[in-house]
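Open the model in your viewer and keep the selection tool at hand. The tour has two stops.

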Amino acid sequence: MSEGREVLRTEGLWKRYGRITAVADISLQVFDAEVFSFLGPNGSGKSTTVGMILGLVRPTRGRALVFGADMAVHPWPTLKRIGAVIETPAFYPYLSGRDNLRALALALGDIPSARIDGVLETVGLSDRARDPYRTYSLGMKQRLGIASTLLRDPDLIILDEPTNGLDPAGTREVRELIPRLAQEGRAVFLCSHLLHEVEAVSDRVAILKKGELVAQGTVDELLGRGRYLRLQAEDRSLLVRALGNVPWVSGLEQHDGYVRVAVPANKAAELNRALASQGVYVSELAPSETELEKVFLELTGEEVEP
Amino acid sequence: MTRLMAAEFFKLRKRMMTWVVAILMVGLVILLYSILWSVSGHVTTFGENNQFTGQDLRRALFLQASVPFSLQVVAAFGTIFAMILAAGAVGSEYSWGTVRLMATAASGRVRLLASKLLVVCGLVVVGTLLAVAVGLIYSSIITVTNGGSSLSFITPGFVRDQVESLGRTLFVMAPYVTLAFAMAAIGRSTLAGVGAGLGIAFIEPLINGLMRLGGSPWKDIPNYLINANTDVVLLQNKVPDVIRFGPTTQDLARNHVNGVPEAMLILALYSAAFIAVAFLVYRRRDITA
């Protein structure tokens, strides 16, 4: 994808709590009109990083720049351009959903009450808007969290596990909403451990392990899309030998039932000809894609939630 | 700042706790007036040396002493409610996790905390005026029904006294309110604020008594603490001795307490120190939950 205007940049961000390093040397960039996903197991430092981006947590070293402003020094008025829900949504339990947004709107200023009704409508909470927040289900709390981020019409939206607790219909709505927000020109910073969700909506992904960034790139780059070919033949040993004879074939891996090689998809026909010239006829020749789950497992050594 | 105060006021106005403490305050004024009225009709003499009569007590409930008496109730009980309000305004944000929501919506942490403190102070003033208003109404009824309908005692000097009494009462409440506020901010919980405030309010007088008995250098220490100086300032409110809660002029003279200006200075320093600590900690500390 082509890079747009830079919205967020972290430069060598560190956070230490005594001897514990929560975040180590995180450098990343997020651009407008993209969905950037921040993946990592629990306790990997996602929330601490988000805290530093929002100016809530002071970096031990490095800095987080949002729209060019150092968030540890001058978080305001940049914060006005950010809508964020960190970890689970938190609101005043005795206030209704609408009054919670009203309290937030009063603090932010210049937000008409029509906008409150509008965002409640967007997230499908209009019917329960006057009920106390404490009576809301987890899914409704998530919806109110998303509504609160939209309230200020932000240029950067930070969502932490936004589909947590939502029913299938709600999950689908949120997954449709996230790319739509990016299409409107906003940058979306999505923290999630639901890999299929990330894979479905993200333009770029960063993977965090024990506070360190272990991978960063477009989803295609991380999954190796277009870089690998998957082959099958009746005689597998013959196939492997023939592939070894093709000088521009590299990265040969043998898996259960197929062979994978690091050859761009656009050279599939050429490879087929090279194999045929050696008397090897493949029964399958197709682009090979790694699932994000596999990449995540390899990089973090973590179990993945279904 | 104005919009942050509007948001804080909106939240506190919608909160049940705010109304509960207001109702309790008003109820206490009514209850105490009712009890004292009843007592005044049942006793002939009372007090340590039987120096007061039932008639003295009844006259003390008339309109003339209504404001200082109501303010005395506020100083004794309202301070506790004010501490709960102040600690709750800060501490609850941590227990609900809303501290991050508001911190990202506010134009700076100092402004956020300042708006909370100002709104709490405003509500304490409103609550105090409400208690005084209820006291005036109840006292007016007592005065009129007992043939004391003359309002000739209302002179400019009398009005000035009442206003000064109000100011003194709010002034002595400030160290307790700011202590509860600061401790809630530092301890990130309502309980920390209320606990610290109530601890000082109730334990300090006991410790002071022991220190007074301990001779030098212990006996002078209470003069630098909050409670003894609070008593000095509140004694300036013209509450008739028959309905006075705290120590008398003689009690304070025996303990060689500070003069009024010194007492006020010490209380002001405590308030300023508590506010400074709260702001310093809140401004610098990470907001993680």
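Two strands pair if DSSP finds at least two bridges between them. Helices (H or I, at least four residues) and strands (E, at least two) are DSSP runs, numbered from the N terminus. The model is predicted: local features need pLDDT of at least 70, side-chain atom pairs count only at pLDDT 80 or more, and totals for chains, interfaces and linings use all residues. Residues are numbered from 1 along each chain as its sequence is written, with chains lettered from A and ligands numbered from 1 in the order in which they are written.

**Chain A**

Select strand β7 (residues 156–160) of chain A: five bridges join this strand to β8(A), and the two run parallel. A:Ile158 has A:Phe189 as its bridge partner. Next, select strand β3 (residues 35–39) of chain A, also joined to β8(A) by five bridges and parallel to it. Here A:Phe38 is partnered with A:Cys191.

Now select β8 (residues 187–192) of chain A. Six of its six residues are buried, so the strand is largely enclosed by the rest of the structure (buried: 20 or more other C-beta atoms within 10 Å of the residue's own, C-beta atoms being placed from the backbone). A:Ala187, A:Phe189 and A:Cys191 cover one side, and A:Val188, A:Leu190 and A:Ser192 the other.

**Chain B**

Move to helices α6 (residues 109–145) and α7 (residues 156–187) of chain B, which pack at an angle of about 140° with axes 11 Å apart. Axes are lines fitted to C-alpha atoms over the stretch in contact, and angles run from 0 to 180 degrees between N-to-C directions.

Technical notes
Buried ≥ 20, exposed ≤ 12 C-beta atoms within 10 Å, placed from the backbone.
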